[in-house]
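Open the model in your viewer and keep the selection panel at hand. The tour goes stop by stop.

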Amino acid sequence: MPVYADLIQSFVLLALLVVLVRPMGGFMKKVYQGEPTLLTPLIGPCERLLYRLCGVDPDEEMTWQRYARSMVLFNLVLGVTLFAMLLLQHLLPLNPQRMPGFPWQLAFNTAVSFVTNTNWQAYSGEQAASYFTQMVGLTVHNFVSAATGMAVAIALIRGFARRKTTAIGNFWVDMTRGTLYILLPFSLIAALFLVSQGVIQNFSAYRNVPLVQPASIEKPKSDENGNLLRDAAGRPVMETVTVKDALIPMGPVASQEAIKELGTNGGGFFNANSAHPFENPTPLTNFVEILLILLIPAGLTVTFGLMVGNIAQGRALFGVMLLLLVFTFGVLFWAETAGTSLASTLGVQGGNMEGKEIRFGISGSALFSVATTATSCGAVNAMHDSLTPLGGMIPLGLILLGEIVFGGVGSGLYTMLAFAVIAVFVSGLMIGRTPEYLGKKIEVREMWMSMLTILTAGVTVLVMSGIAMITPSAVASMANPGAHGLSEVLYAFASMANNNGSAFAGLNASTGFYTILGSLSMLLGRYVPAIAILAMAGSLAEKKYVPPSLGTLPTDKVPFALWLTLVILIVGALTFFPALALGPIVEHLTMTM
Amino acid sequence: MKDLKPAILMLIVFTVICGGIYPAVVTGIAQAVFPHQARGSFIAGANGREIGSALIGQPFSDPKYLWPRPSATPDSAYNPAGSGGSNAGPTNPGYLQTVADRVKSLRSAGISGTIPAEMVQASASGLDPHISPAAALMQVPRIAKARNLSEEVLQRIVAAHTENRQFGIFGESRVNVLAVNGVLDKLTP
């Protein structure tokens, strides 16, 4: 009985997702096709004014090359600006705690991280980032990096839907519409709901509160110059200190929290991210945040189906995603409920609660962990580093599969479509037919671009992790010994190369090695696939439509959905099984033996 | 390079909209409609003095108080200036020793029977304001003795501060440690 009660919220989530995906997808289709929606009377004039201010002709269509160039230029300008903002943080306003500027390596890593929709954080929010940085810097990137991913996905859908043209849309229009009509209104409502539950939203300085019971702690003693004192044996000299107050951080959290989930960004205002009670105060906020993470990526499958003129095509992809989500959640929930060996040896009961919050419990934590790594969100409400070995392999595995289980906003759909192209091609080889998908012949160029999309992140993860293993300073960053240490490094590069942003956070990732190689991984993992997808969109748009015949593989039916699932799992297993065997699988075996 | 101009202008416009207007609107409405929550859900204890935020846990070790979960925040437990978990892996020998030590110290404080996992495992934020009802009830005899109160009174206080699953389905039942301790101090300072 208790297990079923734990699981009710997951069933409610799935049901709600299935219900909401249709209206959400339909709404997004209207937005991107410029059809009137409920919001048009309000936002339409602002949109037109914005184009005029920026010198954009909204009716001008772009080739894929120009679309890609606009995207890259925009991201470049964004990244350089954020980099400068982080370096000069101490000179900018809204900095009541007088935070210094970021060191350049960390500023570079953070700028790349937020531009690429990764939101990997090698800094601690409440200790390093001013309100100005969080709001004018990071929040803005949460919007536009999400809108960029969505725009690329829409361009690819147009490639499938259009015939004999070189035009795949206008990047500025797609980016603007995604932000103004979809991300902003939903974020505004979500942010206010979050505040009602207890998420803070203010610009006060951090509050110093006297503790009800002052605490005595042992602390290493240092001399007046701040150097640690050591005794004759070289051990640090300890002193007892009484802590009388707690310094409670404040800030405009809710406005960032809403878009952090909705745009599958995931960069927390605080170090503890969505585990922090000020970011995620109640079980209900937890549920809503999970829903926000999944809403747009799930809805885009319907948008896709509607735009290519057959909603069942979108439903097939949605089905694949849902299947993988339910399966991975089941494994993670089971692994964490079973817990570690503590129960039998020490008389401890209740599964694995290390790194989890009471208000969410195991069910609410497992649901969040799956949602955040199935998509490219990367916000966490539980510490993934402290999951059981098999439990921890679930988020890691979901990221390594390429974040196609709903995936990042836009990036999830376009990566899934690349997998669909490959599935069509492989099945075409097996049954001896020319592969076609949605009436478009799949040829050499499409295969190249799909392979680039799918393999870039995987190759990056394995090569970078390999380099880390032979670099002593990178190995020294591990927080846990043995196989778990390898999992930490593998997870770090998986997360960065797939633009997720969550971490096995014990790993000290603020060293030069991880900031620089990590930045490179994030850049490769974002722009190689995005540009490849736009190239594929361009080439598809130019093709003529081939009407389905008897020999065409129907891609909107259950057999294809199962086939696609299999292809995804095979590609993932072939690429990553050796690495996973040395990390989480070995750790599981050592724990149970 | 004619696409560079819209890139720069778009950045400026969206910085104003998403980084200025949007957070300002959220702040304005939040401060007007939900001022208590927007400012951090601070609560008052005995003699009306502010004792902290209901959402941010505090360290308690005195036998007369309800004890919270272990916390792995830097410098000191429940240090809100540095939220975070232990990030200890499940097979880390040092971590397993820490948990065993916590079990031992709970046992020496008079706790018998099975121990709820959260009382020997640190939370994700290091600031978890809650413990489970079972973890609260097992501490009742100790607090009763330290404060010279009947166990029934304490059980009633714990029950009154137990929040059930939200709408019966979301999350877990929980007891707010700071809120209970605030009430205890009002009762017997």
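Start with chain B. Colour domain 1 of chain B and domain 2 of chain B separately: their centres, taken over C-alpha atoms, are separated by 39 Å. Domain 1 covers 1-39 and domain 2 covers 41-187. These bounds come from an automatic or database domain assignment.

A note on conventions: this is a predicted model, where local features need pLDDT of at least 70, side-chain atom pairs count only at pLDDT 80 or more, and totals for chains, interfaces and linings use all residues. Residues are numbered from 1 along each chain as its sequence is written, chains are lettered from A and ligands numbered from 1 in the order in which they are written, and side-chain values use heavy atoms, with hydrogens and water left out.

**Chain A domains**

Select 20-202 + 253-298 of chain A for domain 1, then 207-248 for domain 2. The C-alpha centres of these two chain A domains lie 41 Å apart.

**A helix pair**

Next, select residues 254-262 and 283-307 of chain A, which are helix 8 and helix 9. Helices here are DSSP runs (H or I, at least four residues), numbered from the N terminus. The two axes come within 7 Å and cross at roughly 45 degrees. Axes are lines fitted to C-alpha atoms over the stretch in contact, and angles run from 0 to 180 degrees between N-to-C directions. Helix 8 of chain A is therefore oblique to helix 9 of chain A. Oblique is what remains after under 35 degrees (roughly parallel), over 145 (roughly antiparallel) and 65 to 115 (roughly perpendicular).

Show side chains. From helix 8, A:Glu257, A:Ala258, A:Glu261 and A:Leu262 meet A:Glu289, A:Leu292, A:Ile293 and A:Ile296 of helix 9. Contact means heavy atoms within 4.5 Å. By class, this contact has five nonpolar, no polar and three charged residues. Ala, Val, Leu, Ile, Met, Phe, Trp, Tyr, Cys and Pro count as nonpolar, Asp, Glu, Lys and Arg as charged, and the others, Gly among them, as polar.

**The largest pocket**

Select A:Gln121, A:Tyr123, A:Asn271, A:Ala505 and B:Asn87, the closest to the pocket's centre of its 37 lining residues. The space is about 690 Å³. A pocket is an open set of points on a 1 Å grid over the protein atoms alone, with protein on both sides within 12 Å along at least five of seven lines; a cavity is a set where a 1.4 Å probe fits but cannot get out; lining residues have an atom within 4 Å of a point. Points are joined across faces, edges and corners, and a volume is the space filled by probe spheres set on them. The pocket lining has 16 nonpolar, 21 polar and no charged residues.

**Cavities**

How many cavities of 30 Å³ or more are there? Five. Centre on A:Gly402, A:Thr415, A:Thr453, A:Ala457 and A:Asn498, the closest to its centre.

Terms used
Helix = DSSP H or I, 4+ residues; strand = E, 2+ residues; numbered from the N terminus.
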